[in-house]
Amino acid sequence: MYQDKNKDSLDWTYTAGGTDSSSTGPHSDHTLANVFGHYVYLEDSVGKAKDNARLNTPEMAVSSKGMCLE
């Protein structure tokens with residue numbers, strides 16, 4: 001998985017634990033449910049209308065039970 005810096009205008013943040021903004025975002029990832037699991041998020045306060053952020057991954061088959069990128 002990688003950020004498509006050629007076709008987007010916002011940057012994804014890769015982190016563990018809580019987000020940098022107080023009282024926003026999760027306190028942990030949903031898979032491990034602790035501060036050691038990682039996730040990506042967008043900081044909403046830096047964006048504006050029509051901005052976009054793209055993550056690219058190889059093509060994957062989706063199951064009926066959902067997916068989790070690791």
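This is a predicted model: local features need pLDDT of at least 70, side-chain atom pairs count only at pLDDT 80 or more; totals for chains, interfaces and linings use all residues.
The secondary structure here comes to zero helices and four strands.

How confident is the predictor? The mean pLDDT of the protein is 80, and 97% of the residues reach 70 or more. Of the elements, S4 has the highest mean pLDDT, at 86, and S1 has the lowest, at 82.

Now the overall dimensions. Taken along the principal axes, the C-alpha atoms fill a box of roughly 35 × 35 × 20 Å. The protein has 70 residues, and buried residues make up 17% of them. As for contacts with a separation of 6 or more, 52% of them are between residues 24 or more positions apart.

Next, some individual residues. I will start with Asp4, in the loop between strand S1, residues 2–3, and strand S2, residues 13–16. Is Asp4 buried or exposed? Its relative accessible area is 9%, and the cut-off for buried is under 20%, so Asp4 counts as buried. What does Asp4 touch, if we leave out residues up to four places away in sequence? The answer is Arg54 and Asn56. There is also a polar atom of the Asp4 side chain that lies 3.3 Å from the backbone nitrogen of Lys7.

From there to the aromatic residues. The structure holds one aromatic pair. It is formed by the rings of Tyr39 and Tyr41, whose centres are 6.2 Å apart. Why is this pair called tilted? The planes are at 45 degrees; under 30 would count as stacked and over 60 as edge-to-face, so this pair falls into the remaining class, tilted. Both tyrosines, Tyr39 and Tyr41, are buried.

Now to the loop between strand S3, residues 38–41, and strand S4, residues 55–56.

Val46 has a relative accessibility of 60%. Exposed means over 50%, so Val46 counts as exposed. How far is Val46 from Asp11? In sequence they are 35 residues apart; in space, C-alpha to C-alpha, the distance is 9.5 Å.

The other is Lys50, in that loop as well. With a relative accessible area of 81%, Lys50 is over the 50% cut-off and therefore exposed. Lys50 is not a glycine, yet it has a positive phi of about 75 degrees. Which separation do we find between Lys50 and Ser9? Along the sequence it is 41 residues, and from C-alpha to C-alpha it is 9.2 Å.

To go back over the residues: Asp4 is buried in its loop between S1 and S2, and Tyr39 and Tyr41 are buried too. Val46 is exposed, and so is Lys50. That is what I have for today.

Note on methods: Residues are numbered from 1 along each chain as its sequence is written. Side-chain values use heavy atoms; hydrogens and water are left out. Helices (H or I, at least four residues) and strands (E, at least two) are DSSP runs, numbered from the N terminus. Buried means under 20% relative accessible area, exposed over 50%, partly exposed in between (1.4 Å probe, protein chains only). Rings of Phe, Tyr and Trp (its six-membered ring) pair if their centres lie within 6.5 Å; planes under 30 degrees apart count as stacked, over 60 as edge-to-face and the rest as tilted. A polar contact is a pair of N or O atoms within 3.5 Å; within protein, one must be able to donate a hydrogen and the other to accept it, and residues adjacent in sequence count only if both atoms are side-chain atoms. Contact means heavy atoms within 4.5 Å. pLDDT is the predictor's confidence in each residue, from 0 to 100.
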